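Open the model in your viewer and keep the selection tool at hand. This tour goes stop by stop.

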Amino acid sequence: MTGSRAAGAFWSAETSGTARAGRGSGRPPAWSLAVLVVSIVYFFLPLLGTAAFAFSTGKVFTLEYLAQGLTDPDALGSILLSAGFAVSTTVVAVVLVAPSAYLVELRLPGLRPVLDFVTILPFVIPPIILTLGLEEVYGIRGIFNLVGSPVLLVGGYFALTLPFVYRAIDNALRAVDVRTLTEAAESLGSGPFRTFLRVIVPSISTGILSAALLAFTTIMGEFTLASLMGYATFPVMLNNTYASASREAASLVLVSFMITWLSVLALALVARRSPTARQVATAR
Amino acid sequence: MNATTRSAQRAPTRRRGALVWLALLPFGLAILLFLLLPTLSLVWGSFHLRDGSFSPANYTFLLSPDQIRPFQNSVLLSASTMLVGGICGLVIGQALLSSGSLLVRELGVTFSSVAANFAGVPLAFAFIATLGVAGLVTRFLAGLGIDLYGAGFTLYSMVGLATVYAYFQLPLMVLLILPALQAMRREWREAAENLGAGRWYYLRRVAIPILLPSVIASMLLLFANAFGAYATAYALTTGFLAIVPIEISNVISGDVNFDPGQGDVLAIGLAFIMAICVVGQVWLQRRTSRWMQR
């Protein structure tokens, strides 16, 4: 959840450091090799443990549990539900943040400190507190009753992903000269909507793409809000399955790990196109 | 004449200004409804009793022995995983750079991103399959004659939870500290060596003073990261460990032992600790950014 600010600095530092890295003193020191070997073992051990549990009945290798886990209608339904929330929140977040960040950058730079504060607030208000607050305002005893409405979960997810989404888009906006682009477009007779959609959006597309990927990944793995609001999303279903069908659940853990891999690789691919877009999200 | 032109020019500008605010409205409304209002509700609730009267009395609840314990546990959990993750992450980060290979470093960053994101329910279950009673490593060690659970270890305890948290804390530290490590110029070391500094002297008088603020800033984020984490702890222990996020979830699920105001006070207490970490991190990061330039 944290780290996007520092990680942003990191990625830009990395590109400048690329040239320096090759210039080591020939052979890497033995201690660093030892550390890296131990780290790799540490990294893979829990996956090995999960795989050993998911793919064997004690002695025999089997893919039966993976097949059962994957074809279980509840599992499929929960993956689809998670994906549905992830897609809708991602769309809402990008559509709300991108034009607003652009307008603030262009016309109201004075609002920037306010936005900086608001977008760092979700770090201070982790999901568990956000859920309590949302329940108080929109729950059974709340001021507005939104119990059972998916709008509440999407709204909560919007708040949760706001720091990543805003940071990724804002970094991209700062990397291009928004003012000059806008003035050029306007002097050629383009209206504000056209300028935004045809000039600004294409020039910050990598930022938007990585914002979308970060939001999507975060929500696919989100447990706290969904479980406390009673939605059987993928992580919630996984948690419920473990007690009764733990080998199937273990094989789904590996599926979830693959999803994490794919999103990290996708982010790295996007970042390769634009170093300013590189960010790290960690969803708790 | 002059004045009319000026006012004619100003009118569209003013209208445009109003349009800008109008365009910002949906974004502002979403933030107000789903971030600010819930936060304000917690603050308001923490200062009001069940009957609606204003009182700071809820806050004395934080000092009751029953509520001090979750905070102690959470601090212990966050501090231990911050130190272990922080120190190991620092060493691994330096090892990635010292390897001198761009490929190794890129792989290290990718693996770290994956591991830092691999948290919550899947991580808890992966560790049950690995270090649980019948886990892979537990059985392997038993084969060597080492009885983990006989020696008093259990995954479903504070120590167990800290072990699991380390799995995402450590790679997060690698990601956070790499830029600072990369910003260390080779020239500084050479200059120090030319002036007669040994390896230890360079570390003590140059490297550590430069790196320390970044290390502390990153560790503050690790602390906050562990302090607010809920999913992993819940999945591993089904909610019986007394840490702050679990206590708050009990309030949400309608535990009758809690007043609403008491739940709010717990949340404010948690948010307060998170705020200290985030503010400290931002402040230190700003101070160190001058080393990171160029």
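Begin with the largest nonpolar core, which has 162 residues. Select Val165(A), Ile169(A) and Phe125(B): they have the most contacts inside this core. The model is predicted, so read each stop as a feature of a prediction. Now colour helix 7 of chain B, residues 158–183. This helix supplies 16 residues, the largest share of the core. Two domains of chain B take part as well: domain 1 (1–46) and domain 2 (61–292) each give the core at least three residues.

Next, show chain A by itself. Chain A has 13 helices and zero strands. Of its 284 residues, 52% are buried. Now think about sequence separation. Among the contacts in chain A with a separation of 6 or more, 81% join residues 24 or more positions apart.

Zoom in on one helix pair. Select helix 3 (residues 64–71) and helix 13 (residues 246–273) of chain A. Their axes are 8 Å apart, and they pack at an angle of about 80°. Helix 3 and helix 13 of chain A are therefore roughly perpendicular to each other. On the helix 3 side, pick Tyr65(A), Leu66(A), Gln68(A) and Gly69(A). On the helix 13 side, pick Arg247(A), Glu248(A), Ser251(A) and Leu252(A). By class, this contact has three nonpolar, three polar and two charged residues.

Bring chain B back and look at where the chains meet. How many residues does the contact take from chain A and from chain B? Chain A gives 85 residues and chain B gives 79 residues. Highlight helix 2 of chain A, residues 30–54: with 13 residues, this helix gives the most to the side of chain A that touches chain B. Colour that side of chain A by class to see 56 nonpolar, 23 polar and six charged residues.

Finish in chain B. Select Asp259(B), in the loop between helix 11 (244–252) and helix 12 (260–292) of chain B. Last, draw a line from Asp259(B) to Phe118(B). They are 141 residues apart in sequence and 35 Å apart in space, C-alpha to C-alpha.

Notes
Residues numbered from 1 in each chain as written. Chains lettered and ligands numbered in written order. Predicted model: local features only at pLDDT ≥ 70, side-chain atom pairs only at ≥ 80, totals over all residues. Contact = placed C-beta atoms within 7 Å. Helix = DSSP H or I, 4+ residues; strand = E, 2+ residues; numbered from the N terminus. Nonpolar A, V, L, I, M, F, W, Y, C, P; charged D, E, K, R; others polar. Buried ≥ 20, exposed ≤ 12 C-beta atoms within 10 Å, placed from the backbone. Axes fitted to C-alpha atoms, helices over the stretch in contact; angles between N-to-C directions. Parallel < 35°, antiparallel > 145°, perpendicular 65-115°, else oblique. Core = buried A, V, L, I, M, F, W, Y, C linked by C-beta atoms within 7 Å. Domains from an automatic or database assignment.
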